[in-house]
Amino acid sequence: MGSLVYAAAMSHVLYPDYYGKNVGPHGRKMVEELIAVVQDMGRDLRAARPDALVVIADDHLNVFSFDAVPAMCVRIGQTVARMVQDEAIEFDQALDGLPERYPLHEDLANRILEDGIEAGFDFAASWSAPLDHAFLSPVSTLCGAAPAPPLVPFWVNCFVAPQPTARRCYAAGRHIARVVEAGPWRVAAIATGGLSHFPELSLARVGTSDPAFDRRLIGLMERGDHEALRALTAKELDQTGSHEFLNWMVLLGVVGPARATVRFFGEMGRVDLAAVEWEVA
Amino acid sequence: MSRYEVNVLLYRLKKDPAYRRRFRDDARAALAGAELTDEEREAFVSWDARRLNELGGSLHLLISIPGLGGH
């Protein structure tokens, strides 16, 4: 029988130059502290010897065009490419120099997709979507010089309204947990992004966050109060700039009722940075 | 809901370097076939990112179009 051997969630712009430029020395120092914590979490991840690493993250309108925006999408196939963009935004410049391709865990991805359809989750599937910083910045920081475990990238539409609900994201996570339990693999899972930034996706509000809301989310995760988290509305997530918390909602479903241990929480002003682990073994 | 046509154009500006060059050279000509309101068209031509955002243009596109992005 399979098991979930590691679970964590973390902010995904792990790039000191970006915060140095846009926030200043205080921002650079804070993200450097977060990076050190995520590197330390990577030691726990590797010690758990996962056969596969599920990565739950969002598309920054890099991958899926407006021809179709999947609510949730499973990346299938044997390998996945690192996204290459000409004149990439600073977030994605952080990927320069990383490996160009990563192995996928095809069997686990197929089970999540096919058993999901059977169970009523109309997941999209992609054979070709590449990975941007939302996936590779945390994966490369966690893994360091070690090769990444075979990945199962899972996209959540966090930014193009109407997004899936927090409740539906949690239910998708419960489905992934059932697939893991039924399968033969040791599985690690992470969610990335957040915490609050870019409230209401408004250019005028870039540079602000909602620390009170983020402290509330952290408290609910520490107490394991998942019902309160499932009840979060699209309006709350939009107004506070917590769109990417939908990724975390999927992971909360994967870990079930477990309580979170906060490894890092920092209020930067532009964004609140966090890294959280769950006791799953 | 975001405005479809505005975002389709922003996405094309981000992903299609040849179209981006045409837009930089002559924005009005590059937008000739697009189904935009006058207000949307003027926001593109004057590259008023704030206004495009208010009109439904995605923040993540507006901050990441090479040579036009930035925030």
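Tutor: The largest nonpolar core has 110 residues, and those that touch the most other members are A:Val54, A:Val55, A:Val187, A:Met249, A:Val250 and A:Leu251. Such a core is a set of buried Ala, Val, Leu, Ile, Met, Phe, Trp, Tyr and Cys residues joined through C-beta atoms within 7 Å; buried means 20 or more other C-beta atoms within 10 Å of a residue's own, exposed 12 or fewer, and partly exposed in between, with C-beta atoms placed from the backbone. The model is predicted, with local features requiring pLDDT of at least 70 and side-chain atom pairs pLDDT 80 or more, while totals for chains, interfaces and linings use all residues. Residues are numbered from 1 along each chain as its sequence is written, with chains lettered from A and ligands numbered from 1 in the order in which they are written.

H10(A) gives the most to this core, namely nine residues. Elements are DSSP runs numbered from the N terminus: helices (H or I) have at least four residues and strands (E) at least two. Leaving out residues up to four places away in sequence, A:Met249 touches A:Ala166, A:Cys169, A:Tyr170 and A:Leu229, contact being C-beta atoms, placed from the backbone, within 7 Å.

H10 (245–255) is also one of the elements of chain A against which the buried residues of H7(A) pack, together with H9 (234–240), E9 (260–267) and E10 (272–278). H7(A) comprises residues 211–223, and its 13 residues reach 18 Å from first to last C-alpha, close to the 18 Å expected at 1.5 Å a residue; the expected span is 1.5 Å times one less than the number of residues. Its buried residues are A:Phe213, A:Asp214, A:Leu217 and A:Met221. These lie on the same side of H7(A) because they cover an arc of only 100° around the axis, taken from the directions from the helix axis to the C-beta atoms. On the other side, A:Ala212 and A:Arg223 are exposed. Just after H7(A), A:Gly224 has a positive phi of about 70°.

A:Leu108, A:Ala109, A:Arg111, A:Ile112, A:Leu113 and A:Gly116 of H4(A) are buried. The buried residues of H4(A) pack against E2 (52–58), E3, E6, E7, H6 and E8 (186–192) of chain A. A:Gly120 follows H4(A) with a positive phi near 100°.

Within H6(A), residues 166–182, lies A:His175, which counts as buried because 20 C-beta neighbours fall inside 10 Å. Apart from neighbours within four places in sequence, A:His175 is in contact with A:Gly116, A:Ala119 and A:Phe121.

Strand E3(A), residues 72–75, is covered on both faces: A:Met72 and A:Val74 are buried on one side, A:Cys73 and A:Arg75 on the other. E3(A) pairs in the antiparallel sense with E7(A), residues 151–156, over three bridges, a pair of strands needing at least two DSSP bridges. In that pairing A:Trp155 is the bridge partner of A:Cys73. Three bridges also join E3(A) to E6(A), residues 124–126, in the parallel sense, and here A:Cys73 stands opposite A:Ala124.

Methods:
Two residues are in contact if their C-beta atoms, placed from the backbone, lie within 7 Å.
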